[in-house]
Amino acid sequence: MNTQAKVTEEKNFFQQSTNKYTGIGSWLLTVDHKRIGILYLFSMMTFFIVAVIFGFLIRLELIAPGKTIMEPQTYNQLFTLHGIIMIFLFIIPGLPAVFGNFMLPIMIGAKDVIFPRLNLFSWYLFIAGGLIAVVSMFLPGGSADTGWMFYVPYSIRTTTNVIPALTAAFILGFSSILTGLNFITTIHRMRAPGMSWFKMPLFIWSLYATAWIQILATPIIGITLLLVSIERWFGVGIFDPALGGDPILYQHLFWIYSHPAVYIMILPAMGMVSEIIPVFARRTIFGYNFIAFSSIAIAFFGSLVWAHHMFTVGMSDTAMFVFSFLTFFVSIPSAIKVFNWVSTLYKGSISADPPLLYALSFIFQFAIGGFTGLMIGVLSVNIHLQDTSFIVAHFHYVMFGSTGFGIFAAMHYWFPKMFGTMYNKKIANWAWAITTIGFNTLYFPMFIMGYLGMPRRYYDYLPEFHTYHLVSTIGSWILILGLIIMFANLIKGMRNKKDVAPMNPWGGVTLEWKVPSPPPMENFHEIPTVTTGPYDYSHYELAGKETK
Amino acid sequence: MSSVTHQIHRDDYGSRMGMWLFLFTELILFGGMFIVYAVYRFIHQQDFHLAAQELNTTIGLLNTIILLTSSMTMAMSITAIQKGNKKLAIALVIITILFAFGFMVNKYFEWSAKIHHGIYPGSPDLLSKPEGQILYFGLYYVMTGLHALHVIIGVTILVFNVVYLWTGHTNSNYFVKLENAGLYWHLVDLIWIFLFPLFYLIH
């Protein structure tokens with residue numbers, strides 16, 4: 001191809017730096033959104049691997065009743081760190097910080113985000129927060145053992161290093177706010193000519209909704225965690241029941257952020273699936289407006305349901321009723337998305353490439369995670385299931401089974417664009433099959449044993465739960481095997497210089513497929529003018545009709 | 001390598017928009033504190049009423065006047081640079097900074113008087129009071145302390161803006177940084193306008 005030949009002569013963003021430095025300095029001081037995205041990708045994946053190892057150890061401890069490999073205190077610290085790292089360092093920044101940074105400007109036809117230096121600063125905050133969380137493990141006193149929710153009064157009383165963990169979460173929250181602020185302003189100000197709001201790709205819509213939650217909800221957790229720190233330093237009494245403070249108030253403030261944060265995690269993954277499905281079904285997405293508005297609706301309703309985490313703490317019945325009702329409401333926009341994805345696949349000419357397979361796993365696991373979410377949103381059922389491993393299974397189906405697989409889908413979908421090379425598709429398919437089987441083997445038994453009464457976060461358990469725990473632990477081994485194959489395949493693909501990826505390997509029609517792989521430093525020589533919608537496959541559909 | 005300089009996109013409207021979004025987050029940060037205040041005031045009305053009488057309304061009023069006036073000088077400095085009067089703009093920002101110092105000095109005397117009387121978090125005097133009063137003073141120190149921290153951040157930003165004005169980086173064609181600093185300073189002012197009645201005036 002002529003364009004291809006011309007493209008290879010041009011320097012891509014790996015070869016051309018935004019500053020005068022070469023080597024490591026050209027990365028650490030870069031203001032290029034693509035390089036910052038890559039920085040996020042590698043730092044985030046490092047944290048992910050650490051947290052996966054913690055999860056693996058937790059599961060190994062639970063393989064049999066009684067002590068297996070660690071002391072109860074270590075177990076408490078491990079599940080705390082597993083939670084903090086996975087949530088604040090992997091899933092929340094996951095799609096927005098890595099793929100949002102890399103793709104958002106390209107997908108809206110811009111040369112960079114609007115505040116490039118602020119963008120780099122956000123990454124430094126992310127790293128600072130991550131390092132503080134990791135360093136707190138090695139300080140005297142040991143890492144926090146409170147669980148990632150830092151519930152008072154225990155988080156005020158424990159002698160472990162709660163303050164470093166709180167500081168880390170605070171700094172990471174700040175990083176998240178600045179990324180959100182950057183994205184909202186970029187989407188408002190930097191769309192290419194012709195890209196009206198309803199010509200934006202759906203991933204951008206979901207990033208937009210996410211960014212609003214990041215901005216509006218994160219300050220609440222900031223102030224709440226700061227208050228816990230102040231409580232530990234000075235004993236002002238705001239959350240300390242001994243001085244008149246109210247621990248339930250802490251839980252409210254915590255979940256006012258942390259429930260919307262769940263949507264910070266899931267919304268970009270939903271946007272991701274909305275990108276992938278039309279490309280691999282070769283069909284214009286079904287119900288574009290509904291998907292776009294459902295993102296906003298989820299962001300809105302998701303901000304009003306926080307107290308469904310607290311049905312057993314003793315609220316007024318009216319409050320419980322209202323929060324339960326609103327919780328059901330969130331399922332409507334979520335279901336709209338699922339129906340639209342499935343309708344898009346219907347009668348499409350589907351090519352089952354790795355990104356689509358991960359996206360299908362997302363839909364399957366999200367359906368399970370979503371439905372069980374409705375179950376525990378029912379007040380009566382919630383009393384039975386609160387604080388059991390049923391809850392653990394539910395949120396892992398949503399967080400890992402959906403968002404995690406969404407991130408894997410994004411990695412496989414945009415990999416050729418980011419690195420300009422191709423991974424081995426066959427191995428990627430195998431890795432997909434193994435991770436999906438492993439994931440379900442790991443978490444499905446938790447639904448059953450939780451229903452039968454296995455409490456969450458327990459170090460020991462009754463012998464009757466042994467079989468379920470055993471199956472679950474074996475599932476964790478299968479899952480990790482799948483992850484190792486997946487990462488090995490991707491890393492090998494990165495270093496594979498032979499399999500050069502073309503500009504548009506999947507046949508996508510959004511703007512990122514109209515720039516070279518990897519993109520040049522400035523993305524576009526000329527800012528493109530957008531005339532069609534983001535998933536305009538009319539040429540495919542027409543071509544199909546003609547052959548008939 | 002550096003032959004192609006990365007194009008920095010200038011968009012003053014966008015910069016102001018980013019600043020407004022940031023101010024939202026600041027408002028919500030304090031919003032969390034105001035919720036806590038509202039809840040505890042509702043539970044401990046009597047204690048809040050009694051504790052509030054210990055605060056010195058005169059110093060509070062003086063600080064309110066100082067901050068309001070400083071907001072005015074801040075706004076005036078932006079108008080001055082828009083009209084191209086560099087010296088006046090610099091002088092007005094410096095006056096704003098001096099007002100901020102005045103505020104902090106008052107705050108220092110106010111807090112040290114409280115601490116001198118044995119009212120500070122964890123002090124035996126305070127712990128002997130009823131729970132509502134412990135919470136009132138806990139909130140008083142946390143909220144005014146957090147506000148004072150914002151005053152210090154605001155002063156730092158203003159000092160940078162004096163330098164920008166001095167070097168001509170901020171001028172009659174490009175003054176969005178000074179405008180954004182002004183927005184931040186008005187936020188600091190605004191939060192105090194809510195803190196003042198909540199702690200000093202409502203008895």
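**Entry 1: the contact between the chains**

I began with the two chains and found that 39 residues of chain A are in contact with 30 residues of chain B. I note that the model is a predicted one. I then looked up which helices of chain A form the side that touches chain B: α7 (162-189), α8 (202-234) and α9 (247-281) each supply at least two residues. The largest share of that side, 10 residues, comes from α8(A). I sorted the side of chain A that touches chain B by class and recorded 20 nonpolar, 13 polar and six charged residues.

**Entry 2: the nonpolar core**

Next I turned to the largest nonpolar core, which has 227 residues. I asked which of them touch the most other members, and the list is Ile85(A), Ile204(A), Val273(A), Ile276(A), Ala409(A) and Leu139(B). Apart from its neighbours within four places in sequence, Ile276(A) is in contact with Pro355(A), Leu356(A), Ala359(A), Ala409(A) and Tyr413(A).

**Entry 3: α9(A) against α12(A)**

I then examined how α9(A) packs against helix α12 (residues 354-377) of chain A: the angle is about 130 degrees, and the axes are 9 Å apart. I therefore recorded α9(A) as oblique to α12(A), since an angle over 145 would be needed for roughly antiparallel. The crossing of these two helices, α9(A) and α12(A), is left-handed.

Which residues meet in the contact of α9(A) with α12(A)? From α9(A) I listed Ala269(A), Val273(A), Ile276(A), Ile277(A) and Phe280(A). They meet Pro355(A), Leu356(A), Ala359(A), Phe362(A) and Ile363(A) in α12(A).

Definitions and conventions. Residues numbered from 1 in each chain as written. Chains lettered and ligands numbered in written order. Predicted model: local features only at pLDDT ≥ 70, side-chain atom pairs only at ≥ 80, totals over all residues. Contact = placed C-beta atoms within 7 Å. Helix = DSSP H or I, 4+ residues; strand = E, 2+ residues; numbered from the N terminus. Nonpolar A, V, L, I, M, F, W, Y, C, P; charged D, E, K, R; others polar. Core = buried A, V, L, I, M, F, W, Y, C linked by C-beta atoms within 7 Å. Buried ≥ 20, exposed ≤ 12 C-beta atoms within 10 Å, placed from the backbone. Axes fitted to C-alpha atoms, helices over the stretch in contact; angles between N-to-C directions. Parallel < 35°, antiparallel > 145°, perpendicular 65-115°, else oblique. Left-handed = near helix turned anticlockwise from the far one by under 90°.
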